[in-house]
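Please look at the sequence and the structure before reading on.

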Amino acid sequence: MNVAARVEQRVFMKGNEAICVGAIAAGCRFYYGYPITPQNDIPEYMSAHLPTIGGTFLQAESEVATINFILGTSASGKRVMTSSSGPGISLMQEGLSYMAGSELPAVVVNISRSGPGLGGIAPSQGDYFQAVKCGGHGGYRMPVLAPHSVQEMYSLAMLAFDLADKYRNPAMILGDAIVGQMKEPFTQTPYVPTVSQEKPWALTGCAGRPRQHVKSLYLKDNAIEVHNWKLHRKYLKMQEEEVRYEDYHLDGAKIAVVAFGTAARVSKTAIQWARREGIAAGMLRPITLFPFPGAQLEEIAKRVDVLLVIEMNTGQMLEDVKASTTFHDKIRFLGKPCAMPTPEEIHGELRKLAGRGR
Amino acid sequence: MTTDVIMAGFGGQGILMIGNLLSIAAMEEGRHVTYFPAYGVEMRGGTANCTVVLSDEEIGSPVVGRPRACVVMNGPSLDRYLPAIREGGDLVINRSLVDPAKVGRKDLRLLAIPANDIAREVVGSQQLASMVALGAYVQRTGAVRMQTLFDCLPKVISKKYEKFIPLNVNALKEGESFARNHA
Amino acid sequence: MTDRGKDRFTKKVYARPKSLVDVKSHFCPGCHHGIAHRILAETIDHFGLREQTVGVACVGCAVFLYDYIDVDVAEAPHGRAPAVATGVKRAQPDKFVFTYQGDGDLAAIGTSEVIHAANRGENITVLFVNNTTYGMTGGQMAPTTMLGQKTSTSPYGRDFRKDGYPIKMAELLATLEGTAYSARVATSTPAQIRKAKEAVKKAFEMQIKEMGFSIVEFLSTCPTNWGMKPLDAQKRVLGEMSEYFPLGVYKERKQADFL
């Protein structure tokens, strides 16, 4: 393919808008939401575009209502999405638990901001626990995807819909203000479905079949225990089949950065600088935060001298890193709660770990 | 080659527009580029800024702690970004609103351009001051080709205002020629 | 026996509605959920909607709707049924969508969802069963609990200085532009049951004609948690409850005059 043709296909867009383009490409025609910074580009884009392609945009009175609009449309068998930021995602936790219990697919985007509480609108990765461990009640899991570029905002949005349908479960995209607000060119690769979108369980009226229900209440005998084990097997299957990560210069690396999303993006610059100085640095970048690439991490831990975990919080993924490896003495942590680490800072840390002067 | 620039000024000066134009031009030249604007509450302080990173290889951080260049369109932005610019970096200031005496640093390649005056008196519209400054920045740094900027104007100017494209071309050219004459 | 007399014994005067599942009721003796269920099922049959209906069940005694009504049903979190119904209706405007909610669900935790669904003129039908208490959890004070009424969490009786007043949802929702129909009915006498059926029919018609949001509030009983015999519970509905919560139609849109 010649350069001109390749250039022709690239689109220059905000990350938040690229999510919308990906969702629409994946067949999402329903979006519900409630305003909150820094993700308002998403409802604004959807409110302008969905009505022109026969879709539905509806602004809810709260995120509590939003997630239940989502529940109803998902129960109707349609692909549906919402987006919000920390405080709004907190309000959706009840609905997410019900959806996991009722086995309903949907895509929920968290363009996270600083917390706890009202916090601030600075970029942050403080919602890792809420997303990965799942903040609703009862114990459930969902695939969590962490894009680090506008290209991934687009492609992981499409993947999130497929994972949600494959497992009949909500799927989350965990971004932050940087990857949401930044613009960069991306290629609109066509959507290629990897799952069937037939939903015989959907509530469409019981014409020609017995009535059916979408529910999470199981009161009889040990029905809820049976249901829990069924869900658990689903989560195990996610761990077997859905681990995704980027290996960034790990071959021969002595220092392995472990970072996701914007922290990983910034780390790439620092690693480029370090490698030019002959420092053998690389990075394991989890693309799926759940399932976490724990086995891959343990393999890398055996080979390297240092695992440098970098997060825009005070250490959340750090716990999953520790749970994945026995080499705890190799783990170092660089945390920047509610702020982005600069390439200079990370570069300085890499130099220090490599025994170079600052 | 990798370069980056922070552009800053008042809201309404067209800062985000010149950032977008520079980014799209870089994309059209087949390069990697990221554009990151100020967002949220920062927009309410009456200031606007954006960071553009251009590179021939994959770009890591879209946000830059120590920029290689700054285009400063008003006084408060000079106070904020002057200390951050890398040694030997390029600083383009809008002399119509920013006092060059306040720059102080001798380790920068300074270009003080009366962007408002040129826009108003030569181009014919003071609203194009930022476009004049962009022309000067691009001439000074060679970040992209001038012709690519001209070609990309229709992508950042809405149909409603497309009759102003020639005026924007003039603004870029005036900035370019000022920079060439003050090299 | 004359021919005429024979007719009297072969003419069918009562049958289980097609949309009512043939199962033994789990509701307490004297509870009116069964009556409301039957009215709902009869009305679904009347309009021939069984195969085009999606119901939304709430949290509380009313959740078991799906064991009794032979239609597709989604279960909503507590209070969220109007939001879930919104999601169903927006995705499938051609389906008949209703919610079935108790007073704790609709008038306390779900106040926001029902008000905004009504205000949007969401083209759904809400059946609201008000028995002035939280039945399933053991008779706690509800937003509709009467002044002076003793419950397991108002053991000294509801005091307006502390707990405010019983909330009148049919009147409140009738004030909203998006509401097409709002009525309060009771089911304590055969005449009231006939009127209740007419009200539910009207509410269904509103949705069928795409007129907007419709709600029917049922004054109901909870003999178990009230600590009353079923007959005394009926008297309470006919007496103090109907006095405070007057029966009647609070809003009825006559034509699509809301544009």
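The model is a predicted one. Two pairs of chains are in contact, and of these, chains A and C share the most contacts. Chain B and chain C do not touch, and their nearest C-alpha atoms lie 28 Å apart.

**Chain A as a whole**

- The secondary structure of chain A consists of 14 helices and 15 strands.
- Chain A has a radius of gyration of 21 Å, which agrees with the value near 21 Å that a compact globule of 358 residues would have.
- Of the 358 residues in chain A, 62% count as buried.

**The interface of chain A and chain C**

- On this interface, 32 residues of chain A are in contact with 35 residues of chain C.
- Together the two chains bury about 2700 Å², and 57% of this area is on carbon and sulfur atoms.
- Three residues, A:Glu61, A:Cys206 and A:Arg211, supply 21% of the area that chain A buries against chain C, which is more than any other three residues.
- Four salt bridges are counted between chain A and chain C.
- One residue named above, A:Arg211, also takes part in a salt bridge, in which its side chain meets that of C:Asp70 at 3.4 Å, N to O.
- There are 20 residue pairs in polar contact across the interface of chain A and chain C, with both residues at pLDDT 80 or more.
- On the side of chain A that touches chain C, two or more residues come from each of β2 (30-33), β3 (56-59), α4 (63-75), α6 (93-102) and β9 (213-214) of chain A.
- Among the contributors, α4(A) gives the largest share, with seven residues.
- By residue type, the side of chain A that touches chain C has 15 nonpolar, eleven polar and six charged residues.

**The interface of chain A and chain B**

- Here 28 residues of chain A are in contact with 25 residues of chain B.
- Chain A and chain B bury about 2100 Å² between them, with 60% of it on carbon and sulfur atoms.
- Two salt bridges are counted between chain A and chain B.
- A:Lys268 forms a salt bridge with B:Glu58, and the closest N and O atoms are 2.8 Å apart.
- Ten residue pairs are in polar contact between chain A and chain B, with both residues at pLDDT 80 or more.
- At least two residues of the side of chain A that touches chain B come from each of β1 (10-14), α9 (177-181), β8 (183-187), α11 (261-276) and α14 (343-353) of chain A.
- The largest share of this side, seven residues, is supplied by α11(A).
- The side of chain A that touches chain B comprises 16 nonpolar, five polar and seven charged residues.

Terms used. Residues are numbered from 1 along each chain as its sequence is written. Chains are lettered from A and ligands numbered from 1 in the order in which they are written. This is a predicted model: local features need pLDDT of at least 70, side-chain atom pairs count only at pLDDT 80 or more; totals for chains, interfaces and linings use all residues. Side-chain values use heavy atoms; hydrogens and water are left out. Contact means heavy atoms within 4.5 Å. Buried area is the accessible area (1.4 Å probe) that two parts lose on being put together, summed over both. A polar contact is a pair of N or O atoms within 3.5 Å; within protein, one must be able to donate a hydrogen and the other to accept it, and residues adjacent in sequence count only if both atoms are side-chain atoms. Helices (H or I, at least four residues) and strands (E, at least two) are DSSP runs, numbered from the N terminus. Ala, Val, Leu, Ile, Met, Phe, Trp, Tyr, Cys and Pro count as nonpolar, Asp, Glu, Lys and Arg as charged, and the others, Gly among them, as polar. The radius of gyration is taken over C-alpha atoms; the globule rule is 2.2 Å times the number of residues to the power 0.38. Buried means under 20% relative accessible area, exposed over 50%, partly exposed in between (1.4 Å probe, protein chains only).
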